[in-house]
Amino acid sequence: MKRRAGAPAAPANPESPEAAYAAAIKKLARQPQSRATLSQKLEHQGYTAVAVSAALDRVQADGYLDDREYAASLVRRRSGSRGYGLIAQELRARGI
């Protein structure tokens with residue numbers, strides 16, 4: 001079976017919280033994300049919901065994931081060019 005171009009490769013062990021943790025750290029190293037967005041991306045990548053939940057709990061406990069700080073940063077970046085209504089809408093879309 002061939003993969004579609006651009007489709008994420010299935011993880012070798014989709015039930016492994018350690019593998020989901022490593023994938024989460026890689027994604028966060030590239031770009032800060034909300035917990036909800038990161039959860040969606042990891043599940044789309046093929047990790048089970050249980051593995052994703054455990055991985056995100058660990059990432060959050062380690063201090064790499066903070067929705068409050070992510071939201072504050074987004075508000076600071078966007079407040080010069082967008083109104084609060086649009087910023088609130090963007091935060092809701094990102095699961096915050």
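Q: What percentage of the 96 residues of the protein chain count as buried?
A: Buried means under 20% relative accessible area, with exposed over 50% and partly exposed in between (1.4 Å probe, protein chains only). Here 30% of the 96 residues count as buried. The model is predicted: local features need pLDDT of at least 70, side-chain atom pairs count only at pLDDT 80 or more, and totals for chains, interfaces and linings use all residues. Residues are numbered from 1 along each chain as its sequence is written, and side-chain values use heavy atoms, leaving out hydrogens and water.

Q: How many helices and strands are in the protein chain?
A: Both are DSSP runs numbered from the N terminus: helices are H or I with at least four residues, strands E with at least two. The protein chain has 5 helices and 0 strands.

Q: Which residues touch the most other members of the largest nonpolar core?
A: A nonpolar core is a set of buried Ala, Val, Leu, Ile, Met, Phe, Trp, Tyr and Cys residues joined through side-chain atoms within 4.5 Å. In the largest, of 14 residues, they are Ala24, Leu38, Leu42, Tyr47, Leu56, Val59 and Leu65. At least two residues of this core come from each of helix H1 (17-30), helix H2 (35-45) and helix H3 (49-61). A second, separate core has 5 residues, including Tyr70 and Ile87.

Q: Where does Arg58 lie relative to Tyr21?
A: A charge sits over a ring if NZ of Lys or CZ of Arg is within 6 Å of the ring centre and within 35 degrees of the ring normal. Arg58 lies over the face of Tyr21, 3.6 Å from the ring centre.
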